[in-house]
Amino acid sequence: MKRTGIFFHYQNGERLRDFPALLDGILDKDNVYLYDAYYPGKTPSSYELDPVPIGLLTRVHDRRMIDTISRSSDYKGALYSAAGTVAAAARIWRDEIDNAFVFTGYGDHHAGTSFYGGGCYFNGAALAISELRQEFGARKLAIADTDAHHGDGTWQIFQDDPDTLYVCFCGGESYSRNNNINVHVPWRTTDNQYLELVQLNLRQHLEVFRPEALFWNWGYDGTTGDYGDIGISPDTHVRLAEVFRQAADDFCESRLIVVLCGGSRRDLASRLIPCVLRVLIGG
Ligand SMILES: [Zn+2]
Ligand SMILES: [Zn+2]
(Lines give C-alpha, C1' and ligand atoms only; values in the text may rest on other atoms or scores of the structure.)
(Ligands and ions follow the chains in the order given, each with its own letter.)
Protein backbone atom coordinates (compact mmCIF):
# COMPACT_ATOMS: atom_id res chain seq x y z
CA MET A 1 0.00 0.00 0.00
CA LYS A 2 1.20 3.47 -0.84
CA ARG A 3 0.18 6.81 0.59
CA THR A 4 -1.31 8.55 -2.41
CA GLY A 5 -2.01 12.27 -2.68
CA ILE A 6 -4.72 13.49 -5.04
CA PHE A 7 -4.33 17.12 -6.07
CA PHE A 8 -7.59 18.39 -7.38
CA HIS A 9 -8.96 21.58 -8.74
CA TYR A 10 -11.68 22.18 -11.27
CA GLN A 11 -11.99 24.69 -14.06
CA ASN A 12 -14.78 24.93 -16.57
CA GLY A 13 -13.52 22.24 -18.95
CA GLU A 14 -15.70 19.40 -20.10
CA ARG A 15 -13.49 16.38 -19.57
CA LEU A 16 -13.38 16.41 -15.75
CA ARG A 17 -17.06 17.14 -15.29
CA ASP A 18 -17.66 13.80 -13.52
CA PHE A 19 -15.05 14.60 -10.86
CA PRO A 20 -14.73 14.74 -7.90
CA ALA A 21 -17.91 12.64 -7.72
CA LEU A 22 -16.09 9.70 -9.33
CA LEU A 23 -13.54 9.74 -6.50
CA ASP A 24 -16.18 8.26 -4.18
CA GLY A 25 -14.89 4.90 -3.00
CA ILE A 26 -11.31 6.13 -3.41
CA LEU A 27 -11.16 9.12 -1.07
CA ASP A 28 -12.42 7.10 1.91
CA LYS A 29 -9.34 4.88 1.90
CA ASP A 30 -6.96 5.44 4.83
CA ASN A 31 -3.93 5.83 2.55
CA VAL A 32 -5.47 8.45 0.24
CA TYR A 33 -5.15 12.17 0.87
CA LEU A 34 -7.00 14.89 -0.99
CA TYR A 35 -5.47 18.32 -1.48
CA ASP A 36 -7.95 20.49 -3.25
CA ALA A 37 -8.54 23.98 -4.51
CA TYR A 38 -11.65 25.77 -5.57
CA TYR A 39 -14.35 24.03 -7.56
CA PRO A 40 -18.11 24.54 -7.82
CA GLY A 41 -20.02 22.76 -5.08
CA LYS A 42 -16.93 22.14 -2.99
CA THR A 43 -17.43 21.58 0.73
CA PRO A 44 -14.79 23.13 2.99
CA SER A 45 -11.72 20.95 3.36
CA SER A 46 -8.81 21.02 5.74
CA TYR A 47 -6.47 20.70 2.77
CA GLU A 48 -6.11 23.63 0.44
CA LEU A 49 -3.96 24.07 -2.60
CA ASP A 50 -2.24 27.42 -2.94
CA PRO A 51 -1.46 28.87 -6.38
CA VAL A 52 2.20 28.93 -7.47
CA PRO A 53 3.90 32.07 -6.09
CA ILE A 54 5.27 34.55 -8.61
CA GLY A 55 8.82 34.11 -7.27
CA LEU A 56 8.79 30.47 -8.30
CA LEU A 57 7.20 31.22 -11.69
CA THR A 58 10.04 33.59 -12.54
CA ARG A 59 12.64 30.90 -11.85
CA VAL A 60 11.30 28.91 -14.84
CA HIS A 61 9.40 31.34 -17.10
CA ASP A 62 10.33 34.79 -18.30
CA ARG A 63 8.55 37.82 -16.95
CA ARG A 64 6.95 38.86 -20.22
CA MET A 65 5.30 35.49 -20.70
CA ILE A 66 3.99 35.48 -17.12
CA ASP A 67 2.60 39.01 -17.55
CA THR A 68 0.82 38.04 -20.78
CA ILE A 69 -0.74 34.95 -19.22
CA SER A 70 -1.73 36.94 -16.12
CA ARG A 71 -4.03 39.05 -18.30
CA SER A 72 -5.81 35.98 -19.67
CA SER A 73 -8.98 34.56 -18.14
CA ASP A 74 -7.18 31.22 -17.85
CA TYR A 75 -4.55 32.59 -15.45
CA LYS A 76 -6.08 31.26 -12.24
CA GLY A 77 -6.63 27.82 -13.71
CA ALA A 78 -3.06 27.77 -15.04
CA LEU A 79 -1.70 28.67 -11.60
CA TYR A 80 -3.71 25.97 -9.85
CA SER A 81 -2.84 23.36 -12.47
CA ALA A 82 0.88 23.91 -11.90
CA ALA A 83 0.32 24.27 -8.14
CA GLY A 84 -0.87 20.67 -7.88
CA THR A 85 2.39 19.34 -9.32
CA VAL A 86 4.54 21.61 -7.15
CA ALA A 87 2.59 20.69 -3.99
CA ALA A 88 2.70 16.98 -4.82
CA ALA A 89 6.50 17.04 -5.09
CA ALA A 90 6.89 19.02 -1.84
CA ARG A 91 4.62 16.65 0.09
CA ILE A 92 6.52 13.62 -1.15
CA TRP A 93 9.77 15.22 0.03
CA ARG A 94 8.17 15.95 3.42
CA ASP A 95 7.29 12.24 3.58
CA GLU A 96 3.55 12.87 3.85
CA ILE A 97 2.77 10.77 0.75
CA ASP A 98 4.61 8.30 -1.51
CA ASN A 99 3.04 9.09 -4.86
CA ALA A 100 0.54 11.50 -6.36
CA PHE A 101 -2.02 12.13 -9.05
CA VAL A 102 -2.46 15.72 -10.22
CA PHE A 103 -5.68 16.81 -11.92
CA THR A 104 -4.98 19.73 -14.23
CA GLY A 105 -7.16 22.22 -16.05
CA TYR A 106 -4.24 23.08 -18.33
CA GLY A 107 -1.27 20.93 -19.30
CA ASP A 108 2.38 21.80 -19.01
CA HIS A 109 4.65 20.16 -21.58
CA HIS A 110 4.14 22.77 -24.34
CA ALA A 111 5.15 25.55 -21.93
CA GLY A 112 8.81 26.56 -22.30
CA THR A 113 10.87 29.37 -20.80
CA SER A 114 9.24 32.02 -22.96
CA PHE A 115 6.56 30.29 -25.05
CA TYR A 116 3.38 28.36 -24.46
CA GLY A 117 0.42 26.92 -26.35
CA GLY A 118 -1.58 23.76 -27.01
CA GLY A 119 -3.57 24.11 -23.81
CA CYS A 120 -0.44 24.62 -21.68
CA TYR A 121 0.58 27.79 -19.80
CA PHE A 122 3.06 27.01 -17.03
CA ASN A 123 5.30 23.98 -16.88
CA GLY A 124 4.25 22.31 -13.62
CA ALA A 125 6.93 19.62 -13.67
CA ALA A 126 9.68 22.17 -14.34
CA LEU A 127 8.36 24.39 -11.53
CA ALA A 128 8.25 21.42 -9.16
CA ILE A 129 11.82 20.45 -10.07
CA SER A 130 13.02 24.01 -9.46
CA GLU A 131 11.28 24.01 -6.07
CA LEU A 132 12.69 20.60 -5.10
CA ARG A 133 16.20 21.77 -5.89
CA GLN A 134 15.92 25.11 -4.13
CA GLU A 135 13.92 24.09 -1.05
CA PHE A 136 14.80 20.42 -0.56
CA GLY A 137 18.30 20.02 -2.02
CA ALA A 138 17.18 17.54 -4.66
CA ARG A 139 19.27 17.24 -7.82
CA LYS A 140 18.47 14.41 -10.20
CA LEU A 141 14.86 14.28 -11.36
CA ALA A 142 13.15 12.51 -14.24
CA ILE A 143 10.14 13.27 -16.41
CA ALA A 144 8.61 10.71 -18.78
CA ASP A 145 6.00 11.91 -21.23
CA THR A 146 3.43 9.62 -22.86
CA ASP A 147 1.15 12.32 -24.20
CA ALA A 148 0.86 11.69 -27.95
CA HIS A 149 2.55 15.00 -28.83
CA HIS A 150 6.13 16.15 -28.41
CA GLY A 151 6.77 18.07 -25.19
CA ASP A 152 8.56 20.98 -26.84
CA GLY A 153 8.35 23.18 -23.73
CA THR A 154 9.79 20.61 -21.35
CA TRP A 155 12.47 19.75 -23.89
CA GLN A 156 13.54 23.38 -24.27
CA ILE A 157 13.66 24.02 -20.52
CA PHE A 158 15.86 21.00 -19.82
CA GLN A 159 17.89 20.66 -23.02
CA ASP A 160 21.05 21.95 -21.34
CA ASP A 161 20.41 20.32 -17.96
CA PRO A 162 21.93 16.82 -17.70
CA ASP A 163 20.58 16.49 -14.13
CA THR A 164 17.04 16.20 -15.51
CA LEU A 165 16.20 13.10 -17.49
CA TYR A 166 13.40 13.79 -19.94
CA VAL A 167 12.09 10.81 -21.92
CA CYS A 168 9.47 11.85 -24.45
CA PHE A 169 7.47 9.25 -26.39
CA CYS A 170 6.01 10.90 -29.48
CA GLY A 171 5.92 10.88 -33.28
CA GLY A 172 9.22 12.77 -33.65
CA GLU A 173 12.47 11.07 -34.60
CA SER A 174 14.48 9.25 -31.95
CA TYR A 175 17.17 11.64 -30.73
CA SER A 176 18.99 12.49 -27.53
CA ARG A 177 20.88 15.40 -26.01
CA ASN A 178 22.02 15.92 -22.41
CA ASN A 179 19.64 13.31 -21.00
CA ASN A 180 16.77 14.66 -23.07
CA ILE A 181 15.67 11.60 -24.98
CA ASN A 182 13.04 11.47 -27.69
CA VAL A 183 11.68 8.02 -28.47
CA HIS A 184 9.88 7.68 -31.79
CA VAL A 185 6.39 6.17 -31.61
CA PRO A 186 4.90 5.11 -34.99
CA TRP A 187 1.75 7.05 -35.85
CA ARG A 188 -0.09 3.73 -35.85
CA THR A 189 0.86 1.23 -33.18
CA THR A 190 -0.69 -1.63 -31.23
CA ASP A 191 -1.22 -1.89 -27.49
CA ASN A 192 1.52 -4.44 -26.99
CA GLN A 193 4.03 -2.68 -29.25
CA TYR A 194 3.43 0.59 -27.44
CA LEU A 195 3.67 -0.89 -23.95
CA GLU A 196 6.85 -2.74 -24.85
CA LEU A 197 8.43 0.40 -26.33
CA VAL A 198 7.61 2.52 -23.27
CA GLN A 199 8.55 -0.10 -20.72
CA LEU A 200 11.87 -0.93 -22.36
CA ASN A 201 13.02 2.65 -22.82
CA LEU A 202 11.70 3.92 -19.50
CA ARG A 203 13.34 1.22 -17.44
CA GLN A 204 16.59 1.33 -19.39
CA HIS A 205 17.05 5.06 -18.83
CA LEU A 206 15.87 5.09 -15.22
CA GLU A 207 18.20 2.25 -14.34
CA VAL A 208 21.21 4.23 -15.55
CA PHE A 209 20.07 7.68 -14.40
CA ARG A 210 18.62 6.79 -10.95
CA PRO A 211 16.47 9.87 -10.33
CA GLU A 212 15.17 10.93 -6.93
CA ALA A 213 11.62 11.06 -8.29
CA LEU A 214 9.73 10.44 -11.52
CA PHE A 215 7.15 12.79 -13.02
CA TRP A 216 4.83 11.11 -15.52
CA ASN A 217 3.18 13.44 -18.01
CA TRP A 218 0.23 11.21 -18.71
CA GLY A 219 -1.90 12.19 -21.68
CA TYR A 220 -4.58 9.92 -23.02
CA ASP A 221 -4.98 11.82 -26.30
CA GLY A 222 -3.31 8.95 -28.18
CA THR A 223 -6.28 6.68 -27.48
CA THR A 224 -8.37 5.56 -30.46
CA GLY A 225 -10.94 8.26 -31.17
CA ASP A 226 -9.23 11.10 -29.29
CA TYR A 227 -7.39 13.97 -31.00
CA GLY A 228 -3.90 12.42 -30.93
CA ASP A 229 -5.10 8.92 -31.93
CA ILE A 230 -2.15 6.54 -32.41
CA GLY A 231 -4.34 3.45 -32.22
CA ILE A 232 -4.03 2.41 -28.57
CA SER A 233 -6.96 1.14 -26.53
CA PRO A 234 -8.17 2.71 -23.27
CA ASP A 235 -6.98 -0.26 -21.20
CA THR A 236 -3.42 0.34 -22.36
CA HIS A 237 -3.27 3.33 -20.03
CA VAL A 238 -4.03 1.18 -17.02
CA ARG A 239 -1.28 -1.25 -17.98
CA LEU A 240 0.99 1.73 -18.56
CA ALA A 241 0.25 2.93 -15.02
CA GLU A 242 1.44 -0.46 -13.75
CA VAL A 243 4.64 -0.09 -15.77
CA PHE A 244 5.27 3.35 -14.27
CA ARG A 245 4.45 2.29 -10.73
CA GLN A 246 6.81 -0.68 -10.99
CA ALA A 247 9.58 1.48 -12.48
CA ALA A 248 9.19 4.02 -9.67
CA ASP A 249 9.29 1.20 -7.11
CA ASP A 250 12.45 -0.20 -8.68
CA PHE A 251 14.40 2.96 -9.42
CA CYS A 252 13.25 5.92 -7.29
CA GLU A 253 11.78 4.74 -3.99
CA SER A 254 8.22 4.74 -5.38
CA ARG A 255 8.26 8.51 -5.80
CA LEU A 256 5.90 8.91 -8.76
CA ILE A 257 3.91 12.02 -9.64
CA VAL A 258 1.31 11.51 -12.35
CA VAL A 259 0.37 14.75 -14.09
CA LEU A 260 -2.74 14.69 -16.25
CA CYS A 261 -1.89 16.02 -19.72
CA GLY A 262 -3.69 15.76 -23.08
CA GLY A 263 -6.97 14.06 -23.87
CA SER A 264 -10.36 15.60 -24.48
CA ARG A 265 -12.91 12.84 -24.08
CA ARG A 266 -14.93 12.99 -20.89
CA ASP A 267 -15.86 9.28 -21.06
CA LEU A 268 -12.18 8.30 -21.17
CA ALA A 269 -11.27 10.58 -18.27
CA SER A 270 -14.12 9.15 -16.21
CA ARG A 271 -13.16 5.58 -17.01
CA LEU A 272 -9.37 5.81 -16.85
CA ILE A 273 -8.52 8.19 -14.02
CA PRO A 274 -10.08 6.05 -11.26
CA CYS A 275 -8.23 3.00 -12.68
CA VAL A 276 -4.89 4.82 -12.76
CA LEU A 277 -5.52 6.02 -9.20
CA ARG A 278 -6.17 2.46 -8.02
CA VAL A 279 -2.82 1.40 -9.49
CA LEU A 280 -1.08 4.19 -7.57
CA ILE A 281 -2.91 3.38 -4.33
CA GLY A 282 -2.23 -0.36 -4.61
CA GLY A 283 -3.39 -2.92 -2.08
ZN1 LIG B 1 -1.05 15.88 -26.65
ZN1 LIG C 1 8.80 14.06 -28.08
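Ser-81, Ala-82, Thr-85, Thr-104, Tyr-106, Gly-107, Asp-108, Phe-122, Gly-124 and Val-259 line the largest cavity. This is a predicted model, in which local features need pLDDT of at least 70 and side-chain atom pairs count only at pLDDT 80 or more, while totals for chains, interfaces and linings use all residues. Residues are numbered from 1 along each chain as its sequence is written, chains are lettered from A and ligands numbered from 1 in the order in which they are written, and side-chain values use heavy atoms, with hydrogens and water left out.

**Cavity**

- The structure holds one cavity of 30 Å³ or more; a cavity is a set of points, on a 1 Å grid over the protein atoms alone, where a 1.4 Å probe fits but cannot get out, and its lining residues have an atom within 4 Å of a point.
- The space in the largest cavity is about 40 Å³, where grid points are joined across faces, edges and corners and a volume is the space filled by probe spheres set on the points.
- Helix α3 (residues 75–93) contributes three residues, the most of any element, to this lining; helices (H or I, at least four residues) and strands (E, at least two) are DSSP runs, numbered from the N terminus.
- By class, the lining of the largest cavity has four nonpolar residues, five polar and one charged (Ala, Val, Leu, Ile, Met, Phe, Trp, Tyr, Cys and Pro count as nonpolar, Asp, Glu, Lys and Arg as charged, and the others, Gly among them, as polar).

- The largest pocket has a volume of about 390 Å³; a pocket is an open set of grid points with protein on both sides within 12 Å along at least five of seven lines.
- Its lining has 24 residues, and those closest to the centre are Arg-15, Gly-105, Tyr-106, Gly-119 and Gly-263.
- Six nonpolar, 14 polar and four charged residues make up the lining of the largest pocket.
- The second largest pocket, of about 280 Å³, is lined by 16 residues, with Asp-50, Ala-83, Val-86, Ala-87 and Ala-90 nearest its centre.
- In the second largest pocket, α3 provides the largest share of the lining, five residues, and the classes are eleven nonpolar, no polar and five charged.

**Zinc sites**

- The zinc ion (ligand 2) has His-150 (ND1), Cys-168 (SG), Cys-170 (SG) and Asn-182 (OD1) as protein donors, at 2.0 to 2.2 Å; donors are N, O and S atoms within 2.8 Å of the metal (3.2 Å for Na, K and Ca), and water is not among the atoms, so sites may look incomplete.
- Angles among the four donor atoms of ligand 2 run from 96 to 124°, and the site is tetrahedral; four donors count as tetrahedral if all angles lie between 85 and 135 degrees, four count as square planar and six as octahedral if opposite donors are over 155 degrees apart and all others between 65 and 115, and anything else is irregular.
- The donors of ligand 2 are spaced H-x17-C-x1-C-x11-N along the chain.
- His-150, in the loop between β4 (141–145) and α5 (152–158), and Cys-170, in strand β5 (residues 164–170), are 20 residues apart.
- His-150 is partly exposed at 31% relative accessible area, whereas Cys-170 is buried at 1% (buried means under 20%, exposed over 50%, partly exposed in between, with a 1.4 Å probe and protein chains only).
- The zinc ion (ligand 1) is coordinated at 1.9 to 2.8 Å by Asp-147 (OD), Asp-147 (OD), His-149 (ND1) and Asp-221 (OD).
- The arrangement around ligand 1 is irregular because its four donor atoms subtend angles of 52 to 158°.
- Asp-147 is in the loop between β4 and α5 and Asp-221 in the loop between β8 (214–218) and α7 (234–251), so the pair ties together parts 74 residues apart in sequence.
- Asp-147 is buried at 2% relative accessible area, and Asp-221 is buried at 0%.

**Salt bridges**

- There are 17 salt bridges in the structure, each a side-chain nitrogen of Lys or Arg within 4 Å of a carboxyl oxygen of Asp or Glu.
- Arg-266 pairs with Asp-18 in a salt bridge, with the closest N and O atoms 2.8 Å apart.
- Arg-266 belongs to helix α8 (residues 266–281) and Asp-18 to the loop between β1 (4–8) and β2 (32–36), 248 residues apart.
- Glu-14, Arg-17, Asp-18 and Arg-266 form a network of salt bridges.
- Arg-245 and Asp-249 form a salt bridge at 3.9 Å, N to O, and are about one helical turn apart because four residues separate their positions in helix α7.
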